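Here is a short briefing on one protein model. Keep the sequence and the structure in view as you read.

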Amino acid sequence: MIAELGLAVLWMAAALAVLQLAAGIIALRPKGEHLAGVVRPLAVMQGVLVAFAFLALVTLFLETDLSVKLVAENSHSAKPFIFKLAGTWGNHEGSMLLWVTIMGLAGGFVALIEKRLREDTLVATLAGQAFVSLGFYAFLLLSSNPFERLPEPAPDGNGLNPLLQDIGLAFHPPTLYVGYVGLSIAFSFAIGALVTRDVGPAFARAMRPWVLGAWIFLTLGITAGSYWAYYTLGWGGWWFWDPVENASLMPWLAATALLHSCSVLASRNALRAWTVMLGVIAFSMSMVGTFLVRSGILTSVHAFAVDPERGSFILALLAIYIGGALTLFGVRAATVTEGARFSFVSREASLVFNNVMLCGILGIVLVGTLYPLLTEAFGTKVSVGPPYFNPVSSIFAIPMLLVLAVGPLLRWRNDKAGRITMPFAIAALIMAAVFLIAEMVAPGIHLLPALGLAIASGLFFASLLPLKGRNLRRTPLPVWGMVIAHLGIAVALFGMASDSAFSTEKLAAMTVGDTQNVGPWQVKLESIDPVAGPNWTALQATLSARYAGGAPITLEPQARVFASPPGTRTESALKTRWNGQLYSVLGEEGEDGRWQMRFWWKPFVPMIWYGGVLIALGGVLALLGRVAADVKRLRAEGKIAYRRMRQGR
């Protein structure tokens, strides 16, 4: 009954999306203004209904209703509660329903709370959101029905992919999806503004909080996904330039550029065409990522391997949405005026430069991700990995980070370079000193890690300078957000460079009682024992580790075996100190009775994820500050309107 109800409600939500689109189109035509008032309620009801459909699917998974095909294929009665819940979106159909749900809720929230846009622009925006949603409703209902019943209930479920049975995967996909789908709002805002020729500061102020919210969730999702891959896959790395990793990075790069462009347009009425184009590009990258993950053309631990017909459906949606948006932009580009001018030395100019660099990195990642697929289509397999991505993207990243250090110190519109000579000189001295120290401490260090350490140190110092001379208690939250986000970039960069420059790896064959040295650690294998979990069994190594001859600590890496579905998973054991992390992995037993063990000592590697959290925290503070300012402004406008009404009486 729940499955049938969920499917019926999903059809109703799709029908409301059709009505929302039709009402919006008619309302924008002459003599159709009377329908403008129904677009908001339709958007809200659509969001409510699709959320109900998703809750119905969650209920089916929590109850392990094995008469539903999706539940039988992706759940099991013996799974812990949290993984039954995660099983809802740990598959193709469920994750697409989550995607549509977030899209519907986002449109509903825009309809409920957006008060800054002109009425016709808001109607066009909600119509655009309905148009985007309709394609995904069709995808779900016609080719990926999550509520499909089996002819006979299965005796038990197949379970969830062992790699996905981790607490990180219970939170990583929803967080990332909120970011992905949040960019659909930016896309709809851009379409709405083009349709009504309303590209200006009010449009940017309205769009900015939604872009910022999506960017925050993308940042958290990428950070969580990186850490999950780091400790679960057992290879000791935090980023591999996997195509599906790139699929999440590309929208983040575009959203970062869009966020800064929105700020310039909202504050200084400049970069109008650039802002609209970035709104289209950001959602385009989300669609490209969706195609890569779900088309079946990739082999990745992150990808949903589905049939190519579904991939063709998504590719068609990508062509319709992005092709239509670019066509509309081409038609209306002449109506999008240039906006206010600014000098070469100004904060606007620094933001434009960094946006160009971000787009350059985006292009590098896009080409490196798609090129192997293109060559494979012609019968040649090539591999594109860190030897390409690291040095080529650095061509754009290094200048961007250097400008990022001084950009926030510049004034809007027009400034003089001499005014920031002293702070820039100090930051440059810090960079030079750290670079020389790195070369002396590690003579064989490669150029990029050494530059990373140097730039991170200078950027950390420069990021604090916008607080100089301010009353910290009265400093606006957006300023705090900018400072903390830029600090987070410096912290994450320092962790990345340290991991690349100073990591020590040891691969050893050990018997019980053997000892190995890895960096400053001495690790002893105490025992190998069988252990059992709620839905897995494992072999567990008990290790005794001492840092620089200090007190011993215990590590317990595991090699887990899952019965349903059959599979194995590495469970690494980590010990984090202030100056780094010891990473240990249990391998297989050799014919000679010795166990394969892998150890890494990774100085300052946790700073990568601390930095990611700081970046997101900076975004949260900026969002709170912007929302508080908007609420204050709306209250003031309401009081003025009330006084005028009283005076009119």
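**Confidence**
- Confidence is lowest in helix α11, residues 308-332, where the mean is 84.
- It is highest in helix α15, residues 447-464, at 97.
- Where pLDDT is low, predicted coordinates should not be read in detail.

**Ser343, a loop residue**
- Look for Ser343 in the loop between α11 and α12 (347-377).
- A polar atom of the Ser343 side chain lies 2.9 Å from the backbone oxygen of Val345.
- Ser343 also has contacts beyond its neighbours within four places in sequence. These are Ala349, Arg413, Asn414 and Asp415.

**Thr542, a strand residue**
- Thr542 sits in strand β4, which spans residues 536-547.
- Is Thr542 buried or exposed? Its relative accessible area is 17%, under the 20% cut-off, so Thr542 counts as buried.

**Strands β8 and β9**
- Strand β8 covers residues 573-577, and strand β9 covers residues 580-589.
- How many bridges join β8 to β9? There are 5, and the strands run antiparallel.
- The two strands form a hairpin, with 2 residues between them.
- Arg577 stands opposite Gly580 in β9.

Conventions
Residues are numbered from 1 along each chain as its sequence is written. This is a predicted model: local features need pLDDT of at least 70, side-chain atom pairs count only at pLDDT 80 or more; totals for chains, interfaces and linings use all residues. Side-chain values use heavy atoms; hydrogens and water are left out. pLDDT is the predictor's confidence in each residue, from 0 to 100. Helices (H or I, at least four residues) and strands (E, at least two) are DSSP runs, numbered from the N terminus. A polar contact is a pair of N or O atoms within 3.5 Å; within protein, one must be able to donate a hydrogen and the other to accept it, and residues adjacent in sequence count only if both atoms are side-chain atoms. Contact means heavy atoms within 4.5 Å. Buried means under 20% relative accessible area, exposed over 50%, partly exposed in between (1.4 Å probe, protein chains only). Two strands pair if DSSP finds at least two bridges between them.
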